[in-house]
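Hello,

Here is the structure I promised to pass on. My notes follow below it, so please have a look at both.

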Amino acid sequence: MIVGGGPGGYEAALVASQLGGSVTLVEDEGLGGSAVLTGTVPSKTLIATADVMTEVRESAELGVRLDAAGCADDDPDHGVAVDLSAVNARVLDLATTQSADIAERLRAEHVTILDGRARLDGPERVVATLKDGTEQALDADIVLIATGSRPRELATAPLDGERILSWRHLYALTELPERLIVVGSGVTGAEFASAYDALGSDVVLVSSRDRVLPGEDADAAQVLEDVFTRRGMTVLSRSRAASVVRSGDGVVVTLADGRTVEGSHCLLAVGSIPNTEGLGLETTRVETDRNGSIVVDRVSRTKARGVYAAGDCTGVLPLASVAAMQGRIAMWHALGDAVAPLDLLTVSSNVFTTPEIATVGVSQQQVDDHVVPARQVVLRLRGNPRAKMQGNRDGFVKLFCRSVTGIVIGGVVVAPRASELIYPISLAISQRLTVDQLSASFTVYPSLSGSIAEAARRLHGTRSIT
(Lines give C-alpha, C1' and ligand atoms only; values in the text may rest on other atoms or scores of the structure.)
Protein backbone atom coordinates (compact mmCIF):
# COMPACT_ATOMS: atom_id res chain seq x y z
CA MET A 1 0.00 0.00 0.00
CA ILE A 2 1.33 3.39 -1.02
CA VAL A 3 -0.23 6.52 0.46
CA GLY A 4 0.47 9.47 -1.85
CA GLY A 5 1.13 9.72 -5.57
CA GLY A 6 4.00 12.18 -5.81
CA PRO A 7 7.53 11.25 -6.96
CA GLY A 8 8.20 9.24 -3.81
CA GLY A 9 4.95 7.33 -4.16
CA TYR A 10 4.72 6.62 -7.87
CA GLU A 11 8.40 5.72 -8.27
CA ALA A 12 8.06 3.31 -5.33
CA ALA A 13 4.98 1.79 -6.95
CA LEU A 14 6.88 1.14 -10.17
CA VAL A 15 9.76 -0.55 -8.35
CA ALA A 16 7.42 -2.64 -6.16
CA SER A 17 5.49 -3.83 -9.21
CA GLN A 18 8.72 -4.61 -11.07
CA LEU A 19 9.81 -6.80 -8.15
CA GLY A 20 6.56 -8.75 -8.18
CA GLY A 21 4.55 -6.94 -5.54
CA SER A 22 0.78 -6.45 -5.65
CA VAL A 23 0.61 -2.66 -5.42
CA THR A 24 -2.23 -0.29 -4.54
CA LEU A 25 -1.67 3.48 -4.52
CA VAL A 26 -4.07 6.00 -2.92
CA GLU A 27 -4.01 9.62 -4.08
CA ASP A 28 -6.70 12.31 -3.97
CA GLU A 29 -5.21 15.27 -5.86
CA GLY A 30 -3.81 13.66 -8.99
CA LEU A 31 -0.80 11.52 -9.85
CA GLY A 32 2.50 13.34 -9.61
CA GLY A 33 1.54 15.18 -6.45
CA SER A 34 2.48 18.78 -5.86
CA ALA A 35 5.77 18.30 -7.74
CA VAL A 36 3.87 17.78 -11.00
CA LEU A 37 0.62 19.67 -10.40
CA THR A 38 1.56 22.78 -8.40
CA GLY A 39 5.30 22.74 -7.75
CA THR A 40 8.30 21.66 -9.78
CA VAL A 41 6.75 21.10 -13.22
CA PRO A 42 4.58 24.27 -13.28
CA SER A 43 7.24 26.55 -11.81
CA LYS A 44 9.99 25.36 -14.15
CA THR A 45 7.64 25.69 -17.13
CA LEU A 46 6.97 29.31 -16.12
CA ILE A 47 10.71 29.84 -15.65
CA ALA A 48 11.36 28.53 -19.18
CA THR A 49 9.32 31.46 -20.51
CA ALA A 50 11.17 33.83 -18.17
CA ASP A 51 14.50 32.55 -19.51
CA VAL A 52 13.45 33.43 -23.05
CA MET A 53 12.54 36.96 -21.94
CA THR A 54 15.94 37.34 -20.26
CA GLU A 55 17.69 36.26 -23.45
CA VAL A 56 15.62 38.77 -25.43
CA ARG A 57 16.43 41.57 -23.00
CA GLU A 58 20.14 40.89 -23.10
CA SER A 59 20.42 40.21 -26.83
CA ALA A 60 21.42 43.73 -27.82
CA GLU A 61 25.06 42.97 -27.00
CA LEU A 62 24.92 40.14 -29.55
CA GLY A 63 23.82 42.54 -32.28
CA VAL A 64 20.14 41.59 -32.17
CA ARG A 65 17.58 44.38 -32.64
CA LEU A 66 13.91 43.68 -32.03
CA ASP A 67 11.07 45.99 -32.96
CA ALA A 68 7.41 45.38 -33.72
CA ALA A 69 7.71 47.36 -36.94
CA GLY A 70 10.90 45.59 -37.99
CA CYS A 71 13.02 48.69 -37.51
CA ALA A 72 16.24 49.01 -35.57
CA ASP A 73 15.65 49.91 -31.95
CA ASP A 74 18.00 50.26 -29.01
CA ASP A 75 15.40 48.80 -26.62
CA PRO A 76 15.26 45.00 -27.03
CA ASP A 77 12.02 44.89 -25.00
CA HIS A 78 10.21 46.93 -27.64
CA GLY A 79 7.44 44.89 -29.20
CA VAL A 80 8.05 41.89 -26.89
CA ALA A 81 5.56 41.14 -24.13
CA VAL A 82 4.31 38.21 -22.10
CA ASP A 83 0.73 36.98 -22.30
CA LEU A 84 0.52 35.56 -18.78
CA SER A 85 -2.86 33.98 -19.40
CA ALA A 86 -1.41 31.99 -22.32
CA VAL A 87 1.72 31.14 -20.32
CA ASN A 88 -0.29 29.81 -17.39
CA ALA A 89 -2.63 27.88 -19.68
CA ARG A 90 0.44 26.12 -21.11
CA VAL A 91 1.80 25.54 -17.59
CA LEU A 92 -1.41 23.86 -16.42
CA ASP A 93 -1.78 21.86 -19.62
CA LEU A 94 1.74 20.45 -19.27
CA ALA A 95 1.12 19.59 -15.61
CA THR A 96 -2.14 17.80 -16.44
CA THR A 97 -0.53 15.90 -19.31
CA GLN A 98 2.40 14.83 -17.13
CA SER A 99 0.01 13.62 -14.44
CA ALA A 100 -1.98 11.62 -16.99
CA ASP A 101 1.23 10.08 -18.36
CA ILE A 102 2.19 8.91 -14.87
CA ALA A 103 -1.25 7.37 -14.32
CA GLU A 104 -1.02 5.56 -17.66
CA ARG A 105 2.43 4.20 -16.80
CA LEU A 106 1.27 2.96 -13.39
CA ARG A 107 -1.74 1.19 -14.86
CA ALA A 108 0.47 -0.39 -17.52
CA GLU A 109 2.57 -1.80 -14.68
CA HIS A 110 -0.57 -3.24 -13.03
CA VAL A 111 -0.67 -0.78 -10.13
CA THR A 112 -4.16 -0.30 -8.69
CA ILE A 113 -4.94 3.41 -8.26
CA LEU A 114 -7.58 4.56 -5.75
CA ASP A 115 -8.87 8.14 -5.97
CA GLY A 116 -9.20 9.21 -2.35
CA ARG A 117 -7.49 9.85 0.97
CA ALA A 118 -5.95 7.24 3.21
CA ARG A 119 -5.05 6.70 6.83
CA LEU A 120 -3.28 3.92 8.67
CA ASP A 121 -5.19 1.64 11.04
CA GLY A 122 -2.19 -0.03 12.60
CA PRO A 123 1.02 -0.81 10.71
CA GLU A 124 -0.54 -3.44 8.43
CA ARG A 125 -3.82 -1.86 7.34
CA VAL A 126 -4.72 1.22 5.30
CA VAL A 127 -8.24 2.65 5.21
CA ALA A 128 -8.97 4.55 1.99
CA THR A 129 -11.85 7.03 1.89
CA LEU A 130 -12.80 7.31 -1.77
CA LYS A 131 -14.24 10.33 -3.56
CA ASP A 132 -17.70 8.77 -3.56
CA GLY A 133 -17.64 8.61 0.24
CA THR A 134 -17.15 4.88 0.57
CA GLU A 135 -14.32 3.32 2.54
CA GLN A 136 -12.04 0.44 1.73
CA ALA A 137 -9.90 -1.28 4.37
CA LEU A 138 -6.88 -2.91 2.80
CA ASP A 139 -4.38 -5.16 4.52
CA ALA A 140 -0.76 -4.73 3.58
CA ASP A 141 2.61 -6.36 4.23
CA ILE A 142 4.39 -3.10 3.40
CA VAL A 143 3.13 0.50 3.68
CA LEU A 144 4.88 3.54 2.18
CA ILE A 145 3.81 7.04 3.25
CA ALA A 146 4.57 9.68 0.62
CA THR A 147 2.13 12.50 1.37
CA GLY A 148 4.40 15.45 0.57
CA SER A 149 4.05 18.93 2.01
CA ARG A 150 2.07 22.14 1.54
CA PRO A 151 2.95 25.86 1.60
CA ARG A 152 3.37 27.33 5.06
CA GLU A 153 0.81 30.01 5.88
CA LEU A 154 1.13 32.94 8.29
CA ALA A 155 -1.66 34.02 10.62
CA THR A 156 -0.73 37.64 9.98
CA ALA A 157 -0.87 37.19 6.21
CA PRO A 158 -4.11 35.35 5.34
CA LEU A 159 -4.09 34.03 1.78
CA ASP A 160 -6.98 35.12 -0.45
CA GLY A 161 -5.80 33.55 -3.73
CA GLU A 162 -6.21 36.87 -5.55
CA ARG A 163 -3.70 39.36 -4.14
CA ILE A 164 -2.08 37.48 -1.25
CA LEU A 165 -0.79 34.26 -2.75
CA SER A 166 1.10 31.06 -2.19
CA TRP A 167 2.87 29.51 -5.18
CA ARG A 168 -0.18 27.28 -5.71
CA HIS A 169 -2.23 30.38 -6.65
CA LEU A 170 0.15 31.85 -9.21
CA TYR A 171 -1.08 29.83 -12.18
CA ALA A 172 -4.60 31.25 -11.88
CA LEU A 173 -3.34 34.77 -12.65
CA THR A 174 -4.42 36.12 -16.02
CA GLU A 175 -2.44 39.36 -15.89
CA LEU A 176 1.15 40.03 -14.92
CA PRO A 177 1.44 41.53 -11.41
CA GLU A 178 2.36 45.18 -11.74
CA ARG A 179 4.38 45.14 -8.52
CA LEU A 180 5.00 41.76 -6.89
CA ILE A 181 6.28 41.61 -3.32
CA VAL A 182 7.93 38.26 -2.63
CA VAL A 183 8.23 37.44 1.07
CA GLY A 184 10.96 34.87 1.61
CA SER A 185 14.38 34.66 -0.04
CA GLY A 186 14.91 30.91 0.01
CA VAL A 187 14.91 28.80 -3.13
CA THR A 188 11.19 29.23 -3.90
CA GLY A 189 11.18 32.98 -3.26
CA ALA A 190 14.35 33.56 -5.28
CA GLU A 191 13.09 31.48 -8.23
CA PHE A 192 9.76 33.27 -8.51
CA ALA A 193 11.33 36.69 -7.92
CA SER A 194 13.77 35.98 -10.75
CA ALA A 195 11.03 34.68 -13.04
CA TYR A 196 8.54 37.52 -12.57
CA ASP A 197 11.28 40.11 -12.84
CA ALA A 198 12.19 38.61 -16.23
CA LEU A 199 8.53 38.47 -17.29
CA GLY A 200 8.22 42.21 -16.69
CA SER A 201 6.89 42.70 -13.15
CA ASP A 202 8.40 45.22 -10.76
CA VAL A 203 9.63 42.87 -8.02
CA VAL A 204 10.45 43.52 -4.37
CA LEU A 205 12.17 40.65 -2.55
CA VAL A 206 11.81 40.75 1.24
CA SER A 207 14.54 38.77 3.01
CA SER A 208 14.78 38.33 6.77
CA ARG A 209 18.43 37.30 6.39
CA ASP A 210 21.48 39.32 5.38
CA ARG A 211 21.43 37.87 1.86
CA VAL A 212 19.26 35.95 -0.55
CA LEU A 213 19.47 32.14 -0.55
CA PRO A 214 20.91 31.85 2.97
CA GLY A 215 21.10 28.07 2.65
CA GLU A 216 23.18 28.12 -0.55
CA ASP A 217 26.85 28.78 -1.33
CA ALA A 218 27.59 32.34 -0.18
CA ASP A 219 29.60 33.23 -3.30
CA ALA A 220 26.80 31.97 -5.53
CA ALA A 221 24.17 33.87 -3.56
CA GLN A 222 26.20 37.07 -3.89
CA VAL A 223 26.40 36.70 -7.66
CA LEU A 224 22.63 36.26 -7.83
CA GLU A 225 21.89 39.21 -5.56
CA ASP A 226 24.19 41.41 -7.67
CA VAL A 227 22.33 40.29 -10.81
CA PHE A 228 18.96 40.97 -9.18
CA THR A 229 20.02 44.49 -8.22
CA ARG A 230 21.53 45.23 -11.63
CA ARG A 231 18.32 44.19 -13.35
CA GLY A 232 16.29 46.60 -11.23
CA MET A 233 14.86 44.33 -8.54
CA THR A 234 14.51 45.79 -5.05
CA VAL A 235 16.08 43.48 -2.45
CA LEU A 236 15.24 44.30 1.17
CA SER A 237 17.75 42.42 3.33
CA ARG A 238 17.37 41.95 7.10
CA SER A 239 13.70 42.84 6.69
CA ARG A 240 11.22 40.47 8.32
CA ALA A 241 7.60 40.72 7.17
CA ALA A 242 5.28 41.14 10.15
CA SER A 243 1.96 41.19 8.29
CA VAL A 244 0.35 41.36 4.86
CA VAL A 245 -3.09 42.87 4.28
CA ARG A 246 -5.28 43.52 1.27
CA SER A 247 -5.73 47.18 0.42
CA GLY A 248 -8.21 47.73 -2.42
CA ASP A 249 -6.62 46.41 -5.58
CA GLY A 250 -3.28 45.96 -3.91
CA VAL A 251 -1.47 44.79 -0.79
CA VAL A 252 0.48 46.36 2.06
CA VAL A 253 3.35 44.47 3.64
CA THR A 254 4.35 45.75 7.06
CA LEU A 255 7.88 44.95 8.15
CA ALA A 256 8.95 44.19 11.70
CA ASP A 257 10.68 47.60 11.99
CA GLY A 258 7.47 49.44 11.08
CA ARG A 259 8.24 50.19 7.43
CA THR A 260 5.58 49.37 4.86
CA VAL A 261 5.87 48.17 1.27
CA GLU A 262 2.98 48.49 -1.16
CA GLY A 263 2.39 46.37 -4.21
CA SER A 264 -0.26 44.87 -6.46
CA HIS A 265 0.32 41.30 -5.26
CA CYS A 266 2.25 39.48 -2.54
CA LEU A 267 3.70 35.99 -2.83
CA LEU A 268 4.41 34.20 0.44
CA ALA A 269 7.36 31.83 0.07
CA VAL A 270 8.09 31.06 3.70
CA GLY A 271 8.62 27.32 3.60
CA SER A 272 6.51 24.18 3.71
CA ILE A 273 4.70 22.00 6.25
CA PRO A 274 4.75 18.20 5.99
CA ASN A 275 1.38 16.57 5.33
CA THR A 276 1.39 14.16 8.26
CA GLU A 277 -1.82 15.06 10.09
CA GLY A 278 -4.78 12.71 9.93
CA LEU A 279 -2.72 9.74 8.72
CA GLY A 280 -3.40 7.58 11.75
CA LEU A 281 0.26 7.57 12.72
CA GLU A 282 -0.80 7.28 16.37
CA THR A 283 -2.00 3.74 15.61
CA THR A 284 1.56 2.76 14.75
CA ARG A 285 5.06 3.28 16.15
CA VAL A 286 5.84 5.85 13.44
CA GLU A 287 7.59 8.86 15.00
CA THR A 288 7.57 12.48 13.91
CA ASP A 289 9.99 15.27 14.79
CA ARG A 290 9.10 18.68 16.20
CA ASN A 291 8.30 19.96 12.71
CA GLY A 292 5.86 17.13 12.09
CA SER A 293 8.14 15.30 9.65
CA ILE A 294 8.22 11.51 9.72
CA VAL A 295 11.50 10.17 11.10
CA VAL A 296 13.19 7.70 8.73
CA ASP A 297 16.58 6.06 8.41
CA ARG A 298 18.75 5.96 5.27
CA VAL A 299 16.69 3.14 3.73
CA SER A 300 13.42 5.03 4.38
CA ARG A 301 12.29 2.88 7.33
CA THR A 302 10.17 4.39 10.09
CA LYS A 303 10.11 3.07 13.67
CA ALA A 304 7.12 0.85 12.77
CA ARG A 305 7.93 -2.51 11.26
CA GLY A 306 6.94 -2.67 7.59
CA VAL A 307 6.13 1.06 7.37
CA TYR A 308 8.35 3.28 5.21
CA ALA A 309 8.16 6.96 4.25
CA ALA A 310 9.57 9.03 1.39
CA GLY A 311 9.61 12.59 0.13
CA ASP A 312 8.82 15.95 1.69
CA CYS A 313 6.82 14.39 4.53
CA THR A 314 10.16 13.10 5.89
CA GLY A 315 11.90 16.48 5.90
CA VAL A 316 15.10 14.96 4.49
CA LEU A 317 15.59 17.21 1.43
CA PRO A 318 12.71 18.94 -0.38
CA LEU A 319 13.72 17.68 -3.83
CA ALA A 320 11.68 15.56 -6.22
CA SER A 321 14.81 13.57 -7.08
CA VAL A 322 15.39 12.74 -3.41
CA ALA A 323 11.74 11.78 -2.89
CA ALA A 324 11.89 9.44 -5.88
CA MET A 325 15.12 7.83 -4.67
CA GLN A 326 13.76 7.42 -1.14
CA GLY A 327 10.71 5.65 -2.59
CA ARG A 328 12.82 3.33 -4.74
CA ILE A 329 15.19 2.55 -1.86
CA ALA A 330 12.22 1.73 0.39
CA MET A 331 10.89 -0.86 -2.03
CA TRP A 332 14.30 -2.34 -2.85
CA HIS A 333 14.88 -2.80 0.87
CA ALA A 334 11.39 -4.05 1.73
CA LEU A 335 11.29 -6.57 -1.12
CA GLY A 336 14.82 -7.90 -0.63
CA ASP A 337 16.56 -6.43 -3.66
CA ALA A 338 20.11 -5.07 -3.65
CA VAL A 339 20.09 -1.61 -2.08
CA ALA A 340 22.50 1.10 -0.95
CA PRO A 341 21.45 3.61 1.74
CA LEU A 342 20.65 7.18 0.68
CA ASP A 343 23.85 9.25 0.48
CA LEU A 344 23.06 12.95 0.65
CA LEU A 345 26.62 13.88 -0.38
CA THR A 346 25.87 12.59 -3.87
CA VAL A 347 22.62 14.59 -4.24
CA SER A 348 22.84 17.42 -6.76
CA SER A 349 20.41 20.30 -6.45
CA ASN A 350 19.62 23.38 -8.49
CA VAL A 351 18.12 26.82 -7.98
CA PHE A 352 16.31 27.77 -11.19
CA THR A 353 17.06 31.47 -11.15
CA THR A 354 18.84 33.37 -13.91
CA PRO A 355 21.68 32.45 -13.72
CA GLU A 356 21.05 29.02 -12.21
CA ILE A 357 22.92 27.76 -9.14
CA ALA A 358 23.76 24.05 -8.96
CA THR A 359 25.54 22.32 -6.08
CA VAL A 360 26.65 18.83 -5.11
CA GLY A 361 28.78 17.32 -2.36
CA VAL A 362 30.56 19.21 0.41
CA SER A 363 29.92 22.93 0.82
CA GLN A 364 32.14 25.98 1.13
CA GLN A 365 30.92 26.38 4.71
CA GLN A 366 32.09 22.86 5.62
CA VAL A 367 35.51 23.58 4.13
CA ASP A 368 35.80 27.00 5.82
CA ASP A 369 34.80 25.48 9.18
CA HIS A 370 37.44 22.74 8.72
CA VAL A 371 34.75 20.07 8.95
CA VAL A 372 36.10 18.66 5.68
CA PRO A 373 39.75 19.27 4.70
CA ALA A 374 39.87 20.14 1.03
CA ARG A 375 41.55 22.12 -1.73
CA GLN A 376 39.48 24.27 -4.04
CA VAL A 377 39.55 26.28 -7.23
CA VAL A 378 37.18 28.96 -8.53
CA LEU A 379 37.00 29.84 -12.23
CA ARG A 380 34.94 32.89 -13.20
CA LEU A 381 32.58 32.39 -16.11
CA ARG A 382 33.71 35.61 -17.76
CA GLY A 383 36.95 33.84 -18.73
CA ASN A 384 35.18 31.03 -20.60
CA PRO A 385 35.21 31.54 -24.41
CA ARG A 386 31.70 30.12 -24.94
CA ALA A 387 30.35 32.37 -22.19
CA LYS A 388 31.93 35.37 -23.92
CA MET A 389 30.30 34.40 -27.22
CA GLN A 390 26.91 34.14 -25.54
CA GLY A 391 27.31 37.38 -23.61
CA ASN A 392 27.32 35.64 -20.21
CA ARG A 393 29.54 37.18 -17.53
CA ASP A 394 27.81 36.26 -14.29
CA GLY A 395 28.83 33.06 -12.59
CA PHE A 396 31.64 30.64 -11.88
CA VAL A 397 32.67 27.02 -11.49
CA LYS A 398 33.94 25.98 -8.05
CA LEU A 399 35.48 22.57 -7.41
CA PHE A 400 36.57 20.90 -4.15
CA CYS A 401 38.88 17.89 -3.84
CA ARG A 402 40.60 15.91 -1.09
CA SER A 403 43.84 17.56 -0.02
CA VAL A 404 46.05 14.49 -0.51
CA THR A 405 44.30 12.13 -2.93
CA GLY A 406 42.72 14.73 -5.21
CA ILE A 407 39.35 12.90 -5.15
CA VAL A 408 36.51 15.24 -6.15
CA ILE A 409 34.17 15.83 -3.19
CA GLY A 410 32.09 18.86 -4.12
CA GLY A 411 31.24 21.51 -6.64
CA VAL A 412 29.21 24.63 -7.35
CA VAL A 413 28.22 25.90 -10.79
CA VAL A 414 26.64 29.32 -11.32
CA ALA A 415 25.78 29.67 -14.99
CA PRO A 416 23.01 29.36 -17.56
CA ARG A 417 21.80 25.72 -17.50
CA ALA A 418 23.88 24.96 -14.41
CA SER A 419 21.42 22.13 -13.78
CA GLU A 420 22.93 20.36 -16.80
CA LEU A 421 26.54 21.31 -16.07
CA ILE A 422 26.58 19.88 -12.54
CA TYR A 423 26.21 16.31 -13.79
CA PRO A 424 29.90 15.56 -14.54
CA ILE A 425 30.84 16.79 -11.05
CA SER A 426 28.07 14.69 -9.51
CA LEU A 427 29.31 11.67 -11.46
CA ALA A 428 32.89 12.29 -10.35
CA ILE A 429 31.80 12.40 -6.69
CA SER A 430 29.67 9.25 -6.85
CA GLN A 431 32.45 7.32 -8.63
CA ARG A 432 35.23 8.78 -6.46
CA LEU A 433 37.14 10.16 -9.44
CA THR A 434 40.22 12.29 -8.91
CA VAL A 435 40.69 15.72 -10.44
CA ASP A 436 43.26 14.19 -12.78
CA GLN A 437 40.73 11.63 -14.02
CA LEU A 438 38.08 14.31 -14.45
CA SER A 439 40.41 16.58 -16.39
CA ALA A 440 41.62 13.76 -18.64
CA SER A 441 38.22 13.52 -20.37
CA PHE A 442 37.71 15.54 -23.55
CA THR A 443 35.30 18.48 -23.59
CA VAL A 444 33.99 20.28 -26.63
CA TYR A 445 35.72 23.56 -27.49
CA PRO A 446 34.22 26.02 -26.93
CA SER A 447 31.81 24.94 -24.18
CA LEU A 448 30.81 25.95 -20.67
CA SER A 449 31.67 22.42 -19.53
CA GLY A 450 35.26 23.19 -20.52
CA SER A 451 35.48 25.25 -17.32
CA ILE A 452 34.84 22.11 -15.27
CA ALA A 453 37.74 20.28 -16.89
CA GLU A 454 39.92 23.39 -16.55
CA ALA A 455 39.08 23.68 -12.85
CA ALA A 456 40.08 20.03 -12.38
CA ARG A 457 43.37 20.63 -14.22
CA ARG A 458 44.20 23.55 -11.97
CA LEU A 459 43.74 21.36 -8.89
CA HIS A 460 46.53 19.06 -10.04
CA GLY A 461 49.16 19.44 -7.35
CA THR A 462 48.72 20.79 -3.84
CA ARG A 463 47.50 24.38 -4.10
CA SER A 464 44.05 25.92 -3.72
CA ILE A 465 43.30 28.60 -6.31
CA THR A 466 40.70 31.37 -6.10
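Helices (H or I, at least four residues) and strands (E, at least two) in this email are DSSP runs, numbered from the N terminus. The model is predicted, so local features need pLDDT of at least 70 and side-chain atom pairs count only at pLDDT 80 or more, while totals for chains, interfaces and linings use all residues. Residues are numbered from 1 along each chain as its sequence is written, and side-chain values use heavy atoms, with hydrogens and water left out.

Let me begin with the interior. A nonpolar core here is a set of buried Ala, Val, Leu, Ile, Met, Phe, Trp, Tyr and Cys residues joined through side-chain atoms within 4.5 Å; buried is under 20% relative accessible area, exposed over 50%, and partly exposed in between (1.4 Å probe, protein chains only). The largest such core has 40 residues, and Leu46, Leu170, Phe192, Tyr196 and Leu213 have the most contacts inside it. Among the elements that each supply at least two of its residues are helix H3 (40-57), helix H4 (84-108), helix H5 (187-199) and strand S22 (408-415). H5 gives the largest share, seven residues. Another core, of 25 residues, lies apart from it and includes Val413, Val435, Leu438 and Leu459.

How do H3 and H4 pack? Their angle is about 140 degrees and their axes are 9 Å apart (axes are lines fitted to C-alpha atoms, for helices over the stretch in contact, with angles from 0 to 180 degrees between N-to-C directions). Between them, Val41, Pro42, Thr45, Leu46 and Thr49 of H3 meet Leu84, Val87, Asn88, Arg90, Val91, Leu94 and Ala95 of H4, where contact means heavy atoms within 4.5 Å. Not counting residues up to four places away in sequence, Leu46 also touches Phe192, Tyr196 and Leu199.

Most residues other than glycine have a negative phi, and most peptide bonds are trans. The bond from Thr354 to Pro355 is cis, with omega near 5 degrees, and Pro355 sits in the loop between strand S18 (348-351) and strand S19 (356-361). The bond from Tyr445 to Pro446 is also cis, with omega near -5 degrees; Pro446 is in the loop between helix H12 (435-439) and helix H13 (450-458).

His110 has a positive phi of about 65 degrees and is exposed, at 68% relative accessibility. Arg417 has a phi near 60 degrees, lies in the loop between S22 and helix H10 (418-421), and is partly exposed at 43%.

Best wishes
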